[in-house]
Amino acid sequence: MNGTRTALITGGSAGLGRASALALAERGWEVIVTGRRVEPLDRVAARAHTITALPGDVTDPRQRERIAVEIAARGRLDLLLNNASALGPSPMPTLARYPEDALAQVFATDVLAPLALIAALIAHVRNAGGTVINISSDAAVEAYAGWGGYGAAKAALDHATAVLAVEEPGLAVYAFDPGDMRTEMHQAAFPGEDISDRPDPETVVPALLHLLDTSPPSGRYRAADLAVAASTVVSS
């Protein structure tokens, strides 16, 4: 097994996935990014020679198989970052009016695909003594009108993450809540509204890196809390 740390980031063509891939590549990591949009994904890969684009939809078993083959060829996986998410219809409907097929797609992307990737890749993470991070949301723990589909899916992912942590005590397993960010998905949640007051995804990356660097006990962590912890360490 080679000594270069390797990460797989789903939803790596934009937002937090893109920002995290660039930050890890800058640290010397080998990074594999996946996503449905080929051109944006290729632009991310073009930013560093250690980033590899693997276009495709993680809800497709064939794409997950391609990912598994790529990871097996690398021989290790130090970080599985399940970042790909589906918001659902925009504007977001109430639960009583939520189209069943749309709800199924949200759960397929936000819950089933991450769990399937974990099942396919966990042996490589174990061998590396690595980390699994599933991107969560405050909608998983707070009740917001219109956010029932997405929030329920993220709550399910949170619970699955907690169970995985119990089942895999030798690994670092985290649900990471980045908070509001200025992303395409967040804009879709608020169509026609100005979201320029939300922070850029790049501002969240230091909290994510702090989580990786300090490796606290497995659990659910908010970027806002980690940012406070990181600044406290620096100031002390």
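Trainee: Which residues of helix 3 meet helix 4, and which ones do they meet there?

Mentor: On the helix 3 side they are Arg64, Ile67, Ala68, Ile71 and Ala72, and on the helix 4 side they are Ala113, Ala116, Leu117, Leu121 and His124. Please keep in mind, as we go through this chain, that the model is a predicted one.

Trainee: And how do the axes of helix 3 and helix 4 cross?

Mentor: Helix 3 covers residues 61–74, and its axis comes within 10 Å of the axis of helix 4, with a crossing angle of roughly 20°. Angles under 35 degrees count as roughly parallel, so helix 3 is roughly parallel to helix 4. The crossing of these two helices is right-handed.

Trainee: What about helix 4 and helix 5, how do their axes cross?

Mentor: Helix 4 runs over residues 100–128 and helix 5 over residues 148–167, and their axes come within 8 Å of each other and cross at roughly 15°. That angle makes helix 4 roughly parallel to helix 5. The crossing of helix 4 and helix 5 is right-handed.

Trainee: Which residues meet between helix 4 and helix 5?

Mentor: From helix 4 the residues are Leu103, Val106, Phe107, Asp110, Val111, Pro114, Leu115 and Ile118. Their partners in helix 5 are Gly149, Tyr150, Ala152, Ala153, Lys154, Ala156, Leu157, Ala160 and Leu164.

Trainee: Moving on a bit, where is glutamate 168 found?

Mentor: Glutamate 168 sits in the loop between helix 5 and strand 6, the strand made of residues 172–177.

Trainee: Is glutamate 168 buried or exposed, and why?

Mentor: Glutamate 168 is buried, because its relative accessible area is 12%, and buried means under 20%. If you set aside residues up to four places away in sequence, glutamate 168 touches Ile122 and Arg126.

Trainee: Let me go back towards the start of the chain. How many residues of helix 1 are buried?

Mentor: Helix 1 is mostly covered, with 9 of its 12 residues buried. Those buried residues are Leu16, Gly17, Ala19, Ser20, Ala21, Leu22, Ala23, Leu24 and Ala25.

Trainee: What span should helix 1 have, and how far apart are its end C-alpha atoms?

Mentor: Helix 1 takes in residues 15–26, and at 1.5 Å a residue its 12 residues should span 16 Å, while its end C-alpha atoms are 17 Å apart, so the two values agree. Just after helix 1 you will find glycine 28, which has a positive phi of about 95°.

Trainee: Can we take leucine 16 by itself? What is its relative accessible area?

Mentor: The value for leucine 16 is 4%, so this residue is buried, and its place is in helix 1. Leucine 16 is also 67 residues away from asparagine 83 in sequence, yet the two are 7.7 Å apart in space, taken from C-alpha to C-alpha.

Trainee: New topic, then. Which residues does a cis peptide bond join?

Mentor: The cis peptide bond joins serine 90 and proline 91, with an omega of about 0°. Proline 91 belongs to the loop between strand 4, which is residues 79–82, and helix 4.

Trainee: How many of the residues of helix 7 are buried?

Mentor: Of its 10 residues, 7 are buried, so helix 7 is largely enclosed by the rest of the structure. The buried ones are Val205, Ala207, Leu208, Leu209, His210, Leu211 and Leu212.

Trainee: Which residues is glycine 219 in contact with?

Mentor: Once its neighbours within four places in sequence are left aside, glycine 219 is in contact with Val173, Tyr174 and Ala175. Glycine 219 lies in strand 7, and it is partly exposed, with a relative accessible area of 25%. Between glycine 219 and tyrosine 174 there are 5.1 Å in space, C-alpha to C-alpha, although they are 45 residues apart in sequence.

Trainee: To finish with the whole chain, how many helices and strands are there?

Mentor: There are 8 helices and 7 strands, and 50% of the 236 residues count as buried. Among contacts with a separation of 6 or more, 65% are between residues 24 or more positions apart.

Note on methods: Residues numbered from 1 in each chain as written. Predicted model: local features only at pLDDT ≥ 70, side-chain atom pairs only at ≥ 80, totals over all residues. Heavy atoms only, no water. Helix = DSSP H or I, 4+ residues; strand = E, 2+ residues; numbered from the N terminus. Buried < 20%, exposed > 50% of the residue type's maximum accessible area, 1.4 Å probe, protein only. Contact = heavy atoms within 4.5 Å. Expected span 1.5 Å × (residues − 1). Axes fitted to C-alpha atoms, helices over the stretch in contact; angles between N-to-C directions. Parallel < 35°, antiparallel > 145°, perpendicular 65-115°, else oblique. Left-handed = near helix turned anticlockwise from the far one by under 90°.
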